[in-house]
Amino acid sequence: MKNVFFLLCVVLLISEFNVQEAKAMDPVTIAILAPYALPVAEAAGKHAFKGLMAGMPALGDMGTSLLSIFLLPVGVLECTIGMPFGFFGDGIGNVWDGGVAPFKFAYSTLTWPAKSIAGAF
């Protein structure tokens, strides 16, 4: 039984580390296929640009909510150190906005592809 197990381990070890051969396309084939690929790439580029432009507002929302995350430590400082100076109310608002910001960022991140795809067509 030990010999069978040892043989199985050796076979798995040898088969796991096979050397892959590189397969390249020669330049002549690329030159032949380029005239057919360019119109397709131009048509896809128009849709990609439309999708990028449609997704820009979502990127702005993502950036705004990402920066709003920094309101959490600012709000904590306002609630603790700034409380004697009357910053407690502003601090509570900043803590709330900073605590909600990661969820807004996650929502904007998850809906960004859908907004981009919907705007591309």
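This note goes through the fold, the surface and a few residues of the structure above.

1. **Basis.** This is a predicted model, in which local features need pLDDT of at least 70 and side-chain atom pairs count only at pLDDT 80 or more, while totals for chains, interfaces and linings use all residues. Residues are numbered from 1 along each chain as its sequence is written, and side-chain values use heavy atoms, with hydrogens and water left out.

2. **Fold.** The chain has 4 helices and 0 strands. Helices (H or I, at least four residues) and strands (E, at least two) are DSSP runs, numbered from the N terminus. The order from the N terminus is α-α-α-α. The radius of gyration is 28 Å, well over the 14 Å from the globule rule for 121 residues, so the chain is more spread out than a compact globule. That radius is taken over C-alpha atoms, and the rule is 2.2 Å times the number of residues to the power 0.38.

3. **Extent.** The C-alpha trace spans about 75 × 60 × 25 Å along its principal axes.

4. **Burial and surface.** Of the 121 residues, 14% are buried. Buried means under 20% relative accessible area, exposed over 50%, partly exposed in between (1.4 Å probe, protein chains only). The accessible surface is about 9,800 Å², and carbon and sulfur atoms hold 77% of that area. Areas come from the Shrake-Rupley method with a 1.4 Å probe; for residues, only the protein chains shown count as cover.

5. **Contacts.** Among contacts with a separation of 6 or more, 67% join residues 24 or more positions apart. Contact means heavy atoms within 4.5 Å.

6. **Helix α3.** This helix covers residues 71-80, and G75, E78 and C79 are buried in it. They sit on the same side of α3, because their arc around the axis is only 100 degrees. The arc is that of the directions from the helix axis to the C-beta atoms. An α-helix has 3.6 residues a turn, so residues three or four places apart point the same way.

7. S108 belongs to helix α4 (residues 88-120). Its relative accessibility is 10%, so S108 counts as buried. Neighbours within four places in sequence aside, S108 is in contact with A58, D61 and M62. V4 lies in helix α1 (residues 2-16). V4 is exposed, at 56% relative accessible area.
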